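Good morning, and thank you for coming. I should like to take the group through one protein model, beginning with the whole chain and then turning to selected parts.

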Amino acid sequence: MFRRSWRQVAIAAAALLTASSLVACGDDPSDNQDLSENRAGAMENYAVGTQFKATEPISFSVLYNNHPNYPLKNDWLFWSELTSRTNVTLEPVAVPLSDYNQKRSLLIGAGDAPLLIPKTYPPDVNTFVSSGAILPVSDYLDLMPNLKEKIEKWNLQPEIDALRQQDGKFYLLPGLHEKPWHDYSLAMRTDILEELNLEVPKTWDELYTVLKSMKAAYPDVYPFSDRWSQPNPAGNLLNLLAVSHGLDGAGWNFQHMSWNAQAQKFEYTGASEHYRHVLEYLNKLVAEKLLDPESFTQTDDAARQKLANGKSFVISANAQAVVNDYRPDLAATNPKAKIAKIPLLVGPAGEINPSSRLENGMMISSKARDSKNFVAMMQFVDWLWYSDAGQEFAKWGVEGTTFVKDASGKPTLAPDVNVIGLNPSAPKHLQKDFGFYNGVFAYGGKPELVQAFFSPEEQEFQQVMNARAPKSPPPPYPLNDEEREQVSLWETPLRDHVYQATLQFVLGQRDLGQWDAYLAELKAKNMDAYVELANKAYERYKEANR
């Protein structure tokens, strides 16, 4: 449903502050202005387990990310049922998915943003903090009992505190997961494994051995030909290898800084010894013709075609790619072929689950604070996005219409409703026809909710990943406005050079014996100054929060 997962962006929140308690800097309700004039429509006894319903009809504008797979319809049951349950009417300001970030920035910059601004990732918030255009939502947590309860019950404090800016406040209400949700991995032709009497590899070293065996049996084939190489070379593959080696992200989740727990300081990801080992591994695969060199530049369609035509057996994957792309592709060319997503391969970092328990979330326009309905709005947001009932409603819809429950209370889709191919012959679609399971409103929650539409094999995958230890998030190094402006001048040249050198080293166009020369090139692009600034910022806030 979502291509850009939280795993891809959560580590980028390392430019944010960790504190030691839920009511941290800036969260003391006594710091807030008097809200007595902002309670129109608010419930007096709103609490966990309470169905929010405004005491008078009210409406709020919301920036709406219009997904092409389920274009906005004004007659969706979601809208009318939401108003019936909450007495709130949402007024969507629709923006195409492809233009969402740009349009959001333009609206906020012009002072025309809707009151509610969902589908926002933590790094995106940094741009708007200094302007005062968005609300320091951490000042108003007492208005959101469901959010507070989940933070406490699920021990999410470290992740929440990592959202804080230099002023000690945070400006994003994130989606919350009880358990990490890791999706992206590799998929393999399991029929080829069976044919060659090979086990599913569990480590990157075992993958190398498996690829060698495949190559021996099929010498004219590149066993591994990858996709998702645009706009960054080997976007998913590099990131999987990086986190497996203990780094905080690479490829399409490239992080300039990675936390070195042993040294207790940040280092530049693209200059680290771990990154060098990643490149050495990939270079070995390419040199031995186990990994298609076109993996780093080819289109997704080209990679899929090679898989479908038996020119490769391994490819990057998420759950939907396996079901929606690879299996239909193979069915058209080789009906006997079988393919499955395998658990994240284990590297030097051990058996970890690298995904965060936070997801994209909600910014609120600072204009909302002056509204007479401000308290009611915060209660409404708390109910829809954070209460068990609100999350069930946003995902499943209306009992008896879009879903039914068995005697134990477990929900299942109504027989005439389909989503993600669960009822493929059903005439109605949960997203397209009703507006539920919409990425603007439905994310986060308990595993049984998050995994409700997962296939049995995907649920098995999640069980394996959830049994692994969560990767510890890096400590924050929140930057002030001047520092953030400075690093913005350094980041693009550094990142571009890392991408260029990565491709050269992996493809053998540049010998890895030139690693020291490469490091000198990064230093010439202000790498050392960036690392020094990040570590000073980390020490500064560590001292401030002792």
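Predicted model: local features only at pLDDT ≥ 70, side-chain atom pairs only at ≥ 80, totals over all residues.

The protein has 19 helices and 16 strands. Its radius of gyration is 24 Å, close to the 24 Å that the globule rule gives for 546 residues, so the protein is as compact as a globular protein of that length. Along the principal axes, the C-alpha atoms fill a box of roughly 75 × 60 × 40 Å. Of the 546 residues, 58% are buried. Among contacts with a separation of 6 or more, 75% are between residues 24 or more positions apart.

Let us turn to the sheet. In which order do the strands of the open sheet E8-E5-E9 run, and in which sense do they pair? There are three strands, E8, E5 and E9 in that order, and the pairing is antiparallel. E8 and E9 are the edge strands, each with a single partner, so one side of each has no neighbour in the sheet. From one strand to the next, the twist averages 35 degrees.

On one side of the sheet, E5 pairs with E8 over four bridges, and Ser185 stands opposite Ala317 in E8. Two helices pack here. Helix H8, residues 204–217, packs on the sheet and touches E5 and E8; the direction of H8 makes about 30 degrees with that of E5. Helix H12 also packs on the sheet, with E5, E8 and E9 as the strands it touches. The direction of H12 makes about 155 degrees with that of E9.

E5 and E9 are likewise joined in the antiparallel sense, over four bridges. Ala187 has Lys341 in E9 as its bridge partner. Although E9 is an edge strand, both of its faces are covered. Ile339 and Lys341 are buried on one side, and Ala340 and Ile342 are buried on the other.

I return now to H12 itself. This helix covers residues 319–333, and at 1.5 Å a residue its 15 residues should span 21 Å; the end C-alpha atoms are 21 Å apart, which agrees. Where in H12 does the kink of about 30 degrees lie? The kink is at Tyr326, shortly before the proline Pro328. Tyr326 is also one of the buried residues of H12, together with Ala319, Ala321, Val322, Asp325, Asp329 and Leu330. What covers these buried residues includes the three strands of the sheet, E5 at 185–189, E8 at 314–317 and E9 at 339–342. Helix H11 at 300–308 and helix H16 at 456–466 also contribute to that cover.

Leu193 lies in helix H7, residues 190–195. With 3% relative accessibility, Leu193 counts as buried. Setting aside residues up to four places away in sequence, Leu193 touches Met188, Leu198, Glu199, Val200, Val210 and Met214. The C-alpha atoms of Leu193 and Lys338 are 9.8 Å apart, although the two residues are 145 positions apart along the chain.

Next comes a hairpin. Strand E6, residues 257–260, and strand E7, residues 265–268, run antiparallel and are joined by four bridges. Asn260 has Lys265 in E7 as its bridge partner. The hairpin has four residues between the strands, and Gln264 takes a positive phi near 60 degrees. Gln262 is placed in the loop between E6 and E7. Is Gln262, at 79% relative accessibility, buried or exposed? Gln262 counts as exposed, because the threshold for that class is over 50%. The C-alpha atoms of Gln262 and Ser131, 131 residues apart along the chain, are separated by 38 Å.

I close with backbone angles. Most residues other than glycine have a negative phi. Asn87 is not a glycine, yet its phi is positive, at about 65 degrees. Asn87 is found in the loop between helix H2, residues 77–86, and strand E2, residues 88–96. Lys119 is another residue that is not a glycine and has a positive phi, here about 55 degrees. Lys119 is in strand E3, residues 116–120. At 9% relative accessibility, Lys119 counts as buried.

Technical notes: Residues numbered from 1 in each chain as written. Heavy atoms only, no water. Expected span 1.5 Å × (residues − 1). Bend = angle between axes of the 7 residues up to and from the residue. Buried < 20%, exposed > 50% of the residue type's maximum accessible area, 1.4 Å probe, protein only. Contact = heavy atoms within 4.5 Å. Pairing = 2+ DSSP bridges. Axes fitted to C-alpha atoms, helices over the stretch in contact; angles between N-to-C directions. Rg over C-alpha atoms; globule rule 2.2 N^0.38 Å.
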